[in-house]
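Open the model in your viewer and keep the sequence panel beside it. The stops below go from one selection to the next.

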Amino acid sequence: MSHICVNDLTFYYEGSYDNIFENVSFRMDTDWKLGLIGRNGRGKTTLLKLLEGAYEYRGTITSAVTFEYFPFPVSDKSKMTIDLVEEVDPLYELWRICRELSLMDTDAEVLYRPFETLSNGEQTKVLLAVLFAKENAFLLIDEPTNHLDLDTREIVMAYLKKKKGFLLVSHDRYFLDGCVDHILAINKEGIEICQGNFTVWQENKERKDAYEADEQERLKKEIGKLTKAAGRTAGWSDQIEKSKIGNGAGDRGYIGHQAARMMKRALVIEQRAQKAVEEKKKLLKNLEKAEELKLFPLRHHRETVIRAENLELFYGEKKVTGPLNFEVKNGEQVILRGKNGCGKSSMLKRILGEAISYRGKLEVASGLKISYVSQDAEQLCGMIDEFAIKEGVDPTLLKVLLRKLDFSRVQFEKPIESYSGGQKKKVLLAKSLCERAHLYIWDEPLNFIDLFSRTQIEELIQTYRPTMLLVEHDRFFGEKIGARYVEIQCTQD
C-alpha cells in the first residue's frame with residue numbers, strides 16, 4: 001500500500017475565469033476502493049483526467065502507481081477486440097485478461113470478435129479486464145454503469161468489490177454501496193474523504209447538515225438578542241452621559257465613569273454578536289439544496305393508454321423481442337426491464353411511431369400527448385434559449401427548472417455542447433418537465449445524473465404521479481417511485 005497525495009491543486013479550463021479546483025489538497029491510499037461523487041459540473045471527470053496527467057495544473061500530484069483511465073478510447077471499433085487490447089497494452093499477458101473476464105462471467109471468446117459487435121456489457125467488461133490485468137495500476141473508472149442492464153451491473157459490482165485500488169465515478173447508489181469502502185465527495189467548498197460506502201457518507205452528511213442548521217438557527221437568535229442588548233446598553237450610556245449636565249464635579253466624574261462602563265459593556269456585547277456572525281458564516285457552506293420540482297401532467301380520458309398483446313418487434317427478418325403483453329394505465333409508472341439488446345428502446349420508439357416492424361397488437365390511445373426523453377444527449381448544441389424555442393417550450397420556465405437542478409446563471413451564457421454529460425441530460429429532462437403530457441416516456445433518464453438530482457426527480461414522481469413508461473436500470477430509483485416492472489426476454493430467433 002502507498003499513497004496518492006494531491007497538494008494545492010488549482011485548475012481552470014482555458015478561456016474560463018472560474019477555477020474548477022482551487023488550492024485543493026487530499027490524500028488517498030492506493031488500496032482503497034473509492035466512490036467519487038458530486039453534482040454535475042463539479043469536476044469529477046476533470047479530477048480523473050488531472051490524475052491521469054491529461055491536463056496541466058498548478059500544485060502537485062504524487063504517487064507510486066500508474067493511473068489508468070476507463071473507458072479508454074477505442075480507435076477503430078470494427079477491429080478484432082484482441083487487436084485493440086494489444087494497442088492499449090502491447091505487453092499484455094492473455095492469461096491475465098482471461099482470468100479477469102472469467103471473474104465477470106464472460107467467455108474469452110469475446111476477444112476474437114469485432115469490438116463493435118459486443119454488447120454494452122461485454123465492452124465494459126473487456127475494458128475493465130484489460131486495465132485490471134495491468135500490474136501496479138490504479139484505475140480511474142468513469143461511470144461504468146451507463147447503459148448497463150441490471151444483471152450486468154450486479155456482475156460488475158461484485159467484480160469491483162473483490163478489487164482494490166480504484167477511484168469510481170458513479171451516481172448509482174445501490175452500485176456504490178456494493179463495491180466501495182471510501183467516498184471522495186466534491187462539495188461546494190473543497191473535497192472530503194469519508195470511510196465507508198455511500199449510505200454511510202449520506203447518513204453522516206445528513207447528521208452534519210442537521211446539526212449545522214440547528215446551530216445556525218441558534219446563532220441567528222443569539223445575534224438578534226445581542227444586537228438588541230448592545231443597542232439598549234449604548235442607549236443607557238448616552239442617557240447617563242447627558243445626566244452629568246448641572247451636577248457637581250464629583251457627581252459628574254462618577255456619572256462619566258458609569259457611562260464609560262456601560263459603553264464598554266455595549267462594545268463587548270457587540271463583539272460577541274460579531275463573533276456569532278462569523279461562526280454562522282462557516283456553517284452550511286456544503287449544504288446541497290434539492291429544490292422541489294413541479295409537474296402538471298394531463299390525464300387521458302381512457303384508463304389504459306398503452307396496451308400490447310403478443311407484441312413482437314422485428315429488424316428486417318430478425319425478431320428482436322416478444323411476444324410481449326403489458327399495459328400502461330393512468331397514473332402508473334412502468335419500467336421495461338431486460339438485458340442489453342433485448343429491444344427495450346425499440347419498444348419505446350415503436351410506441352412513439354417509428355417505423356419498426358411488428359407483429360401482434362399495439363394500442364396507443366387516440367389523442368395521446370407524449371413527452372419523450374432520449375437516452376442520448378450528446379447531439380445537443382447551441383444556446384439554451386435557441387434550444388427552448390426549437391423544442392417549443394418557454395425559455396424562462398426551462399431555465400427556472402435548470403436552476404433548480406443546480407445550474408448556475410453563467411451556464412446559460414455557454415453553448416450546450418460545452419456542458420458535462422449530466423448537464424446535457426438535465427436539459428432534456430427539464431424540457432420534458434416543461435411539457436404537459438398524458439404520458440412521459442423516458443429512456444434511461446438517469447444516465448450521468450447526479451445523486452441529488454435523482455432524489456429531486458424521485459420526489460417529483462412520488463408527488464405528482466405522472467403516467468410514465470421508462471427504461472431505467474437504477475434499482476434504488478425503481479423501488480423509490482414504486483414502479484411496476486415489465487420483463488422483456490431476449491429472443492434468439
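This is a predicted model: local features need pLDDT of at least 70, side-chain atom pairs count only at pLDDT 80 or more; totals for chains, interfaces and linings use all residues.

Which helix gives the most to the lining of the second largest pocket? That is α4, with 5 residues. Residues are numbered from 1 along each chain as its sequence is written, and side-chain values use heavy atoms, with hydrogens and water left out.

**Whole protein.** Colour by secondary structure to see 14 helices and 17 strands. Helices (H or I, at least four residues) and strands (E, at least two) are DSSP runs, numbered from the N terminus. Of the 493 residues, 48% count as buried; buried means under 20% relative accessible area, exposed over 50%, and partly exposed in between (1.4 Å probe, protein chains only).

**The pocket.** Select Ser119, Lys339, Asn340, Gly341 and Cys342, which lie nearest the centre of the second largest pocket among its 37 lining residues. On a 1 Å grid over the protein atoms alone, a pocket is an open set of points where a 1.4 Å probe fits, with protein on both sides within 12 Å along at least five of seven lines; lining residues have an atom within 4 Å of a point. The volume of this pocket is about 910 Å³, taken as the space filled by probe spheres set on the points, which are joined across faces, edges and corners.

**The cores.** Now select Leu128, Ile141, Leu160 and Leu168, which touch the most other members of the largest nonpolar core, a set of 42 residues. The largest share of this core, 7 residues, comes from α4. A nonpolar core is a set of buried Ala, Val, Leu, Ile, Met, Phe, Trp, Tyr and Cys residues joined through side-chain atoms within 4.5 Å. A second, separate core has 37 residues, among them Leu405, Leu433, Leu460 and Ile481.

**Ala430.** Which helix holds Ala430? Select α12 (residues 421-434) to find Ala430 there. Ala430 counts as buried because its relative accessibility is 0%. Leaving aside neighbours within four places in sequence, Ala430 is in contact (heavy atoms within 4.5 Å) with Leu398, Leu401, Leu402 and Leu405.

**Backbone stops.** Go to Phe70 and Pro71: the peptide bond from Phe70 to Pro71 is cis, with omega near 0°. Pro71 sits in the loop between β5 and α2. Then select Asp8 in strand β1; Asp8 is not a glycine, yet has a positive phi of about 50°. Finish at Phe448, in the loop between β15 (439-443) and α13 (451-464). Phe448 has a positive phi of about 75°, although it is not a glycine, and counts as partly exposed at 26% relative accessibility.
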